Amino acid sequence: MKLKAGIGYDIHRLVAGRKLYLGGVEVPFNKGLLGHSDGDVVVHAVIDAMLGAMGEGDIGRLFPDTDPKYRGIRSVELLKAVMSRLKKKKYRLVNLDTIIVAQSPKLGPYINNMKRALAPVLKVEKEDLGIKAKTNEGLGPVGQGKAIAAWAIVLLKT
Ligand code: MG
């Protein structure tokens, strides 16, 4: 058995007039994340962690934001495409851990929904998914509510 770890990070600006998608679910809020896709930073960080573990570059290389095909796309659809690459290379996800850094809204009540949305896509149990949310203690652009960031780490096995 071969094990491969990968790390991912993403940050998007919060703007008015967009829905907020995090971890594959819509979170009620008065702002959303700016992006070519739905701006789901959690899923983007997860995708980058997986591509990193497979040695396949990053999300921007695979799904360029200059391509109209990906405009407004739900990021979970991009994750599904990455999962089929993973399957093709005979990898399986062992587990995944993430940190979402958001000053607001409070994400605690949505964590379980995120796990429920992502587990079937990632072909793992909910227990294999770590999703943790924290504020940035008011510090920097994330702390001032101008952006939301996410970190992810994955472990793959063949
Ligand atoms: Mg992104």
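Q: What makes Asp10, His12 and His44 the protein donors of the magnesium ion?
A: In this predicted model, Asp10 (OD), His12 (NE2) and His44 (ND1) lie 2.0 to 2.3 Å from the magnesium ion. Donors are N, O and S atoms within 2.8 Å of the metal, so these atoms qualify. Along the chain, the donors of the magnesium ion have the spacing D-x1-H-x31-H. Of these residues, Asp10 and His12 are buried.

Q: Why is α3 called roughly parallel to α4?
A: The axes of helix α3 (residues 75-88) and helix α4 (residues 111-122) cross at roughly 30° and come within 10 Å. Angles under 35 degrees count as roughly parallel, and therefore α3 is roughly parallel to α4. The crossing of these two helices, α3 and α4, is right-handed.

Q: Why is Glu77 described as partly exposed?
A: Glu77, a residue of helix α3, has a relative accessible area of 39%. Buried means under 20% and exposed over 50%, so Glu77 falls in between and is partly exposed.

Q: How many residues separate Glu77 and Gly143 along the chain, and what is the separation of their C-alpha atoms?
A: Glu77 and Gly143 are 66 residues apart along the chain, and their C-alpha atoms are separated by 29 Å.

How values were computed:
Residues are numbered from 1 along each chain as its sequence is written. This is a predicted model: local features need pLDDT of at least 70, side-chain atom pairs count only at pLDDT 80 or more; totals for chains, interfaces and linings use all residues. Side-chain values use heavy atoms; hydrogens and water are left out. Donors are N, O and S atoms within 2.8 Å of the metal (3.2 Å for Na, K and Ca); water is not among the atoms, so sites may look incomplete. Buried means under 20% relative accessible area, exposed over 50%, partly exposed in between (1.4 Å probe, protein chains only). Axes are lines fitted to C-alpha atoms, for helices over the stretch in contact, and angles run from 0 to 180 degrees between N-to-C directions. Helices (H or I, at least four residues) and strands (E, at least two) are DSSP runs, numbered from the N terminus. Angles under 35 degrees count as roughly parallel, over 145 as roughly antiparallel, 65 to 115 as roughly perpendicular and the rest as oblique. A crossing is left-handed if the near helix is turned anticlockwise from the far one by less than a right angle, and right-handed if clockwise.
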